[in-house]
Amino acid sequence: MKKHINVTGRVQGVGFRYTTYQLALEIGLTGTVKNEEDSSVTIEAVGTEAQMAQFLEKLEQPQNPFAKVSHISQSEDPGIKDYDQFRVVY
């Protein structure tokens with residue numbers, strides 16, 4: 001399963017990308033996380049349906065006390081490449 005995920009809220013300047021990275025590693029996803037110019041964060045995630053469900057559930061309630069997620073939009077995107085690891089993109 002390949003998903004394009006966009007997260008809005010207080011998600012930039014609070015370590016959200018790094019906690020997302022750690023979460024993805026724990027769950028076993030590959031892909032990327034990066035800040036966007038509109039203050040949102042975009043994630044390309046590749047994994048199983050169960051991994052994706054767990055990831056999305058945990059994204060809604062970030063472990064980072066400074067982050068606050070307002071909205072998560074997601075869509076299947078078969079065009080996402082097969083990553084070999086998860087990484088933070090600058």
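Guide: We'll take the annotated site, then the largest pocket. Keep in mind that this is a predicted model.

Visitor: Which residues does UniProt list for "active site"?

Guide: The unreviewed UniProt entry lists Arg17 and Asn35.

Visitor: Where is the place of arginine 17?

Guide: Arginine 17 is in helix α1, residues 16–27.

Visitor: And is arginine 17 buried or exposed?

Guide: Buried. Arginine 17 has 15% relative accessibility, and the cut-off for buried is under 20%.

Visitor: What about asparagine 35, where does that sit?

Guide: Asparagine 35 is in strand β2, residues 30–35. Asparagine 35 is partly exposed, at 29% relative accessible area.

Visitor: What joins the side chains of asparagine 35 and arginine 17?

Guide: A polar contact of 3.5 Å.

Visitor: What else does each one touch, leaving out residues up to four places away in sequence?

Guide: Arginine 17 touches Val33, Lys34, Val41, Val88, Val89 and Tyr90, as well as Asn35. For asparagine 35, the list is Val11, Gln12, Arg17, Ser40 and Val41.

Visitor: What lines the largest pocket?

Guide: Phe16, Thr19, Thr20, Leu23, Glu26, Lys58, Leu59, Pro62 and Gln63. Of these, four are nonpolar, three polar and two charged.

Visitor: Which element supplies the largest share of that lining?

Guide: α1, with five residues. Helix α2 (49–60) also supplies at least two.

Note on methods
Residues numbered from 1 in each chain as written. Predicted model: local features only at pLDDT ≥ 70, side-chain atom pairs only at ≥ 80, totals over all residues. Heavy atoms only, no water. UniProt positions renumbered as here; feature names shortened; annotations may be inferred. Helix = DSSP H or I, 4+ residues; strand = E, 2+ residues; numbered from the N terminus. Buried < 20%, exposed > 50% of the residue type's maximum accessible area, 1.4 Å probe, protein only. Contact = heavy atoms within 4.5 Å. Polar contact = N/O pair within 3.5 Å; in protein donor to acceptor, adjacent residues only side chain to side chain. 1 Å grid on protein atoms, 1.4 Å probe; cavity = no way out; pocket = protein on both sides within 12 Å on 5 of 7 lines; lining within 4 Å. Nonpolar A, V, L, I, M, F, W, Y, C, P; charged D, E, K, R; others polar.
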